[in-house]
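I opened the model and kept notes as I went. The entries follow the order in which I looked things up.

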Amino acid sequence: TNGFFHEQRFYRVVPGWVVQFGVSGSPEISAVYDNRHNIPGAIVAEDPVRQSNVRGAVSFSAVYCHDDDDDVTKVRACNQTTELFINLVDNSAVLDSKGFAPFGMIEKEDMSIVDEFIYQGYGELEEICQKGGTTNPTRSTVCKGPSEERLYLEGNKYLEKNFPKMSFTTSQTITNESRINGGDGDGEQAFLV
């Protein structure tokens with residue numbers, strides 16, 4: 001209703017890993033969903049992982065929380081808001097155990113469309129590269145991606161100026177359809193077309 005997905009940029013594209021999107025092009029709207037602001041209702045409750053992060057699975061991106069401050073290897077996904085990612089490969093061995101719970105699936109035959117229309121030249125986010133690498137287990141990626149902080153503060157104006165080749169959506173429609181989903185079988189799904 002607020003045009004959140006209008007001209008939505010695929011701002012993090014790491015070949016052999018994930019395609020990430022879900023920050024509004026409008027800084028006023030994205031500020032509500034910035035997990036650092038902790039606005040009531042903006043944080044999505046953590047879900048149990050019922051399906052795997054296989055190629056085509058869509059999951060919420062998240063920050064890592066430490067359940068045990070003494071053991072930084074024990075991390076889990078938390079503070080999910082509107083940022084989503086599409087798995088370009090089977091990432092289940094890395095992401096399932098960390099709590100990234102897929103909630104949707106791009107049909108197998110449609111993943112070739114994702115592969116073709118997403119510009120992959122910018123690679124990993126600036127902040128992730130500055131922290132010493134990427135969450136991509138292959139560790140092979142280009143580090144020319146945007147700053148997520150500037151994305152939240154400046155929106156699409158920042159991306160249009162500095163990342164002109166970045167792929168984006170042009171229009172979207174949300175439809176409700178009943179459909180059995182091989183997972184928990186609740187049958188209710190919303191589709192973004």
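**Hairpin.** I began at the hairpin of E1 and E2, where three residues lie between the strands. Gly16 takes a positive phi near 75° there. I took strands as DSSP runs of E with at least two residues, and helices as runs of H or I with at least four, both numbered from the N terminus. E1 and E2 run antiparallel and are joined by three bridges. Two strands pair if DSSP finds at least two bridges between them. I looked up one partner: Val13 is bridged to Val19 in E2.

**Ground rules.** The model is predicted, and local features need pLDDT of at least 70, side-chain atom pairs count only at pLDDT 80 or more, while totals for chains, interfaces and linings use all residues. Residues are numbered from 1 along each chain as its sequence is written, and side-chain values use heavy atoms, with hydrogens and water left out.

**Sheet.** As a reminder to myself, strands of a sheet pair through backbone hydrogen bonds, either parallel or antiparallel. E2 meets strand E6 (residues 84-87) over four antiparallel bridges. In that pair, Val18 has Asn87 of E6 as its bridge partner. Strand E3 (residues 57-60) pairs with E7 in the antiparallel sense over two bridges. There, Ala57 is partnered by Met105 in E7.

**Which way do the side chains of strand E2 (residues 18-21) point?** Val18 and Gln20 point one way, Val19 and Phe21 the other, and all are buried. Buried means under 20% relative accessible area, exposed over 50%, and partly exposed in between (1.4 Å probe, protein chains only).

**Asn87.** I stayed on strand E6, where Asn87 sits. At 0% relative accessibility, Asn87 counts as buried. The side chains of Asn87 and Asn91 are joined by a polar contact of 2.8 Å. A polar contact is a pair of N or O atoms within 3.5 Å; within protein, one must be able to donate a hydrogen and the other to accept it, and residues adjacent in sequence count only if both atoms are side-chain atoms. Contact means heavy atoms within 4.5 Å.

**Asp115.** Next I went to helix H3, the place of Asp115. Asp115 is partly exposed, with a relative accessible area of 33%.

**Leu125: where does it lie?** Leu125 is in the loop between helix H3 (111-117) and helix H4 (126-130). With 2% relative accessibility, Leu125 counts as buried. Not counting residues up to four places away in sequence, Leu125 touches Tyr11, Arg12, Gly145, Pro146 and Glu148. The C-alpha atoms of Leu125 and Lys144 are separated by 7.1 Å, and the two residues are 19 apart along the chain.

**Aromatics.** I searched the whole structure and found eight aromatic pairs. Rings of Phe, Tyr and Trp (its six-membered ring) pair if their centres lie within 6.5 Å; planes under 30 degrees apart count as stacked, over 60 as edge-to-face and the rest as tilted. Phe85 and Phe100 have ring centres 5.8 Å apart and planes at 70°, so the pair is edge-to-face. This pair links distant parts of the chain, with Phe85 in strand E6 and Phe100 in the loop between helix H2 (92-95) and E7, 15 residues apart. Both Phe85 and Phe100 are buried. Tyr158 and Phe163 also form an edge-to-face pair, 5.7 Å centre to centre with 75° between the planes. Tyr158 is buried at 4% relative accessibility, and Phe163 is buried at 8%. One aromatic cluster is formed by Tyr119, Tyr122, Tyr158 and Phe163.

**Charge over a ring.** I found Arg9 over the face of Phe168, at 4.1 Å from the ring centre. The test is NZ of Lys or CZ of Arg within 6 Å of the ring centre and within 35 degrees of the ring normal.

**Whole chain.** The chain has six helices and nine strands. Of its 193 residues, 38% count as buried. Among contacts between residues at least 6 apart in sequence, 61% join residues at least 24 apart.
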